[in-house]
Amino acid sequence: MAFSEEELAAQVGRRFPGGTYTIEPWRAWLVADAVLAEPPPVQKAAGEVAHPLFAWIAATGAMGIGWDELFSWFGATAADGPVFGEHETTLHRPLRIGATYRVSGRVVSAERKVGRRTGPFDVVGYELDLHLDPDGTHVARCWNSIVFPRRTT
Amino acid sequence: MKVGTELPVWEVGSVSAEKMKTTAALLADPTPIHFDVDAVRALGMGDRPVNQGPLNMGYVMNAVTAWAGGPDRLRRLRVRFRGPVFAGDRVRVRGTVTAVREEDGVRLADCDVALEVDGGEPAVTGTATVVLP
């Protein structure tokens with residue numbers, strides 16, 4: 001297998017560069033529309049509660065690297081078909097349209113498994129925290145796992 | 001409100017491939033199975049685009065927050081992505097209250113939730129906690 005279990009394990013603890021994410025009104029409208037929720041009027045959206053999916057969107061949008069780079073940490077590309085495994089959002093307070101959030105996080109687990117039907121695959125867990133910028137209030141935590149199929153031998 | 005209460009069913013009549021394209025752009029998600037049918041075929045997954053996991057999760061959020069009174073009501077959602085949802089699928093979210101409790105003076109409801117695909121297995125299962133009015 002091209003990406004060894006040792007290389008996989010070595011990624012645990014790796015920190016994301018992080019960054020900041022602002023829930024822009026236009027983006028809040030488009031996300032709500034895409035997820036089939038009621039879009040907030042763009043002109044009056046500032047300060048309104050954002051769709052809770054923004055916890056994940058903001059976290060991954062400002063983790064400091066793109067999806068291609070995250071996949072490359074695990075020797076994979078988007079064409080390999082990585083998929084979500086599990087997710088947990090914990091919201092300490094609602095996210096607000098117009099607010100800016102500081103994102104930080106790290107890889108928390110990585111494990112190789114073999115499925116009877118699927119063959120070998122890797123399950124990678126990572127966790128991202130959102131703090132309101134600039135006051136630092138902890139607003140949300142997202143824990144996620146990605147499943148990387150390992151079809152080549 | 002009691003344990004065993006079923007949430008109103010939240011349904012999508014036909015999952016839209018166009019919403020997947022918008023979502024791929026919004027998320028800067030390069031995974032081609034969400035918009036390129038050739039990529040779906042190459043992975044042996046059929047000939048319809050695969051809905052993004054976050055959209056499936058978002059449907060579940062819609063269902064529980066609509067029932068609880070608004071998008072500010074969600075405290076926690078934990079889900080497992082069990083299978084794909086394809087463009088054109090009819091899906092519905094079901095939920096059942098498993099506990100009603102109070103925490104720091106706030107009434108909370110815990111729920112089991114599932115996103116079901118018409119004619120198939122649940123695509124998403126999990127638990128949600130919402131603040132009650």
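Q: What makes strand 2 of chain A and strand 2 of chain B count as a pair?
A: In this predicted model, strand 2 of chain A and strand 2 (residues 74-81) of chain B are joined in the antiparallel sense over 5 bridges; two strands pair if DSSP finds at least two bridges between them, so they count as paired. Within this pairing, Glu88(A) stands opposite Arg78(B) in strand 2 of chain B. Strands are DSSP runs of E of at least two residues, while helices are runs of H or I of at least four residues, both numbered from the N terminus.

Q: Which residues of chain A and chain B are said to be in contact, and how many are there?
A: Two residues are in contact if their C-beta atoms, placed from the backbone, lie within 7 Å, and the contact takes 29 residues from chain A and 34 residues from chain B. Strand 2 of chain A gives the most to the side of chain A that touches chain B, with 9 residues.

Q: Which elements does chain A have, and in what order do they run?
A: Chain A has 4 helices and 5 strands, and from the N terminus on they run α-β-α-α-α-β-β-β-β.

Q: How are residues and chains labelled, and which parts of the model are used?
A: Residues are numbered from 1 along each chain as its sequence is written, and chains are lettered from A and ligands numbered from 1 in the order in which they are written. Because the model is predicted, local features need pLDDT of at least 70 and side-chain atom pairs count only at pLDDT 80 or more, whereas totals for chains, interfaces and linings use all residues.
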